[in-house]
Amino acid sequence: MNPLRPPLRFRLWSAAFVVGALLPLRATAAEPAVGQPLPRGERGMLDIHTINTGTGDAAFFILPDGTTLLLDAGAVNRTGERDPNYDAPQRPDRSQRPGQAIVAYIRRVHPEGAAGALDYAALTHFHGDHMGTLLPDSPASKSGAYQLTGITDVGDAIRIRTLLDRDWPDYNYPAPSGGAMMLNYRAFLKWQAYHQGLQVARFEAGRADQIVLRKSPREFPQFEVRNIAANARVWTGTGTTARSRYPAGVLPNENNCSLAFRLTYGAFAYFNGGDMAGHLTPTAAAWTDLESAVAWVTGPVDVHDLNHHGTPDGANTFFLSVLQPRVHILSTYASSQPGPDLLRRLLSEKIYPGPRDVFMTNTHWPGRREHMVKLYGEKEAAWLVEQFGKIASTQGHVVVRVAPGGSSYRVTVVDDRKPDGAVQSVHGPYQARGAVGR
Ligand SMILES: [Zn+2]
């Protein structure tokens, strides 16, 4: 035996160590790691980035063939006038408008790089926290044809090929939309259509051909976006027909006009319903519960973007018992969101059994607790704070990344305090449930 040669046992351990050190390099090429930037997704994956600006909703989708979709571009309130106790701080900071922060985010993660266009943009409904509040000092676009806020800020910087909303081209349902925010939006559509070739279309409940893969649809036949609702008309589940949830002559409010859709990719399913309501006060008219009608045709999903940010009228018991989400994403931006009763519903195993993870885009900021006490009382505020300590995440961009083919997915939380924030936490992998009867 060569006395200089290390014992066999040691040599085997050394070999195992080297192999062990190399393996993760191969396996983690596109896997997120805490403290590192989020790696780019790959072809065949589905990315859903819930972008946190602290001022409303924005979600950027990278579909399996690289088709891109931006859902909403919220920018609520004027920075200087926001109530620091009630409103979440703007992210990443106040040096740029929320629309500019959304643009910067998209440019960082777009599969075609910073020059990539948006194949689709869609607005769930016409409220400032989804499309951008128009302020007297919102700057004019270079052309001077419209002012920059929310969706117009995004569309001014990034070419949008097709824009879907709930009421093009008339903008008169349930009432004529003559406000300054809508006039500015319509001036934006007109200019972009004439100068940039923007196509605008009305999102229609029941259809499954309005958001499609634009690049290689045949390669991913197991992908679909089904329009579930718009203007309080809900898909019947048969063909592409839809019917109104409201009696003739009764008009829905803006929140209940929200678009809703179900995105499926193989066994994976995701639901987003804007700000529609479902949990009613005892004296409310039954048809204002839109969620129950929507739930029955949506079926079980893996990931659910909570309706209406965590306001008490979202996520009724029946809706949750049918959708049974494994993952809830809460686009919260006010200290009232979520209320204690709503959070109890989301967590209740009497509504549906099994584990579920809750991700909030905003939670802790100075003055919030004080305001929660004002809204819900000391005891309920303390309960909420205790729950915030237990749920999966309470602050940051929430990125759902679905594996090629849709069999499993991970949820990654990304630091929202810097434009290129690092991964804060990684959750999963979760198995997509491939819901029976969907
Ligand atoms: Zn909203």
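Biologist: How many bridges pair strand β7 with strand β10, and in what sense?
Modeller: In this predicted model, strand β7 (residues 223–230) and strand β10 (residues 260–265) are paired in the antiparallel sense over six bridges. Strands pair if DSSP finds at least two bridges between them, and strands (E, at least two residues) and helices (H or I, at least four) are DSSP runs, numbered from the N terminus.

Biologist: Which residue is the bridge partner of E224?
Modeller: The partner of E224 is T264 in β10.

Biologist: And what sheet do they sit in?
Modeller: An open sheet of eight strands, with mixed pairing, has the order β9-β8-β7-β10-β11-β12-β13-β14. Its edge strands are β9 (242–244) and β14 (357–360), each of which pairs on one side only. On average, neighbouring strands in this sheet are turned by 20 degrees against each other, direction ignored; axes here are lines fitted to C-alpha atoms, for helices over the stretch in contact, and angles run from 0 to 180 degrees between N-to-C directions.

Biologist: What about the sheet with nine strands, what is its order?
Modeller: That open sheet runs β6-β5-β4-β3-β2-β1-β15-β16-β17, and the pairing is mixed. Because β6 (199–202) and β17 (423–431) stand at the edges with a single partner strand each, one side of each is left without a neighbour in the sheet. Neighbouring strands there are turned by 15 degrees against each other on average, direction ignored.

Biologist: How do β2 and β3 run in there?
Modeller: Strand β2 (residues 59–62) and strand β3 (residues 68–71) run antiparallel and are joined by four bridges, with A59 standing opposite L71 in β3.

Biologist: Switching to helices, how do α9 and α10 cross?
Modeller: The axes of helix α9 (residues 368–376) and helix α10 (residues 378–388) come within 7 Å and cross at roughly 130 degrees. The two are therefore oblique to each other, given that angles under 35 degrees count as roughly parallel, over 145 as roughly antiparallel, 65 to 115 as roughly perpendicular and the rest as oblique.

Biologist: Which residues meet there?
Modeller: From α9, R369, M372, V373 and Y376 meet E378, E380, A381, L384 and V385 in α10, where contact requires C-beta atoms, placed from the backbone, to lie within 7 Å. By class, this contact has six nonpolar, no polar and three charged residues; Ala, Val, Leu, Ile, Met, Phe, Trp, Tyr, Cys and Pro count as nonpolar, Asp, Glu, Lys and Arg as charged, and the others, Gly among them, as polar.

Biologist: How confident is the prediction?
Modeller: The chain averages a pLDDT (the predictor's confidence in each residue, from 0 to 100) of 93, and 92% of the residues score at least 70. Over residues 16–28 the pLDDT is below 50, and this stretch has one contact in the model beyond near neighbours in sequence.

Biologist: What rules apply to numbering and cut-offs?
Modeller: Residues are numbered from 1 along each chain as its sequence is written. In this predicted model local features need pLDDT of at least 70 and side-chain atom pairs count only at pLDDT 80 or more, while totals for chains, interfaces and linings use all residues.

Terms used: Two residues are in contact if their C-beta atoms, placed from the backbone, lie within 7 Å.
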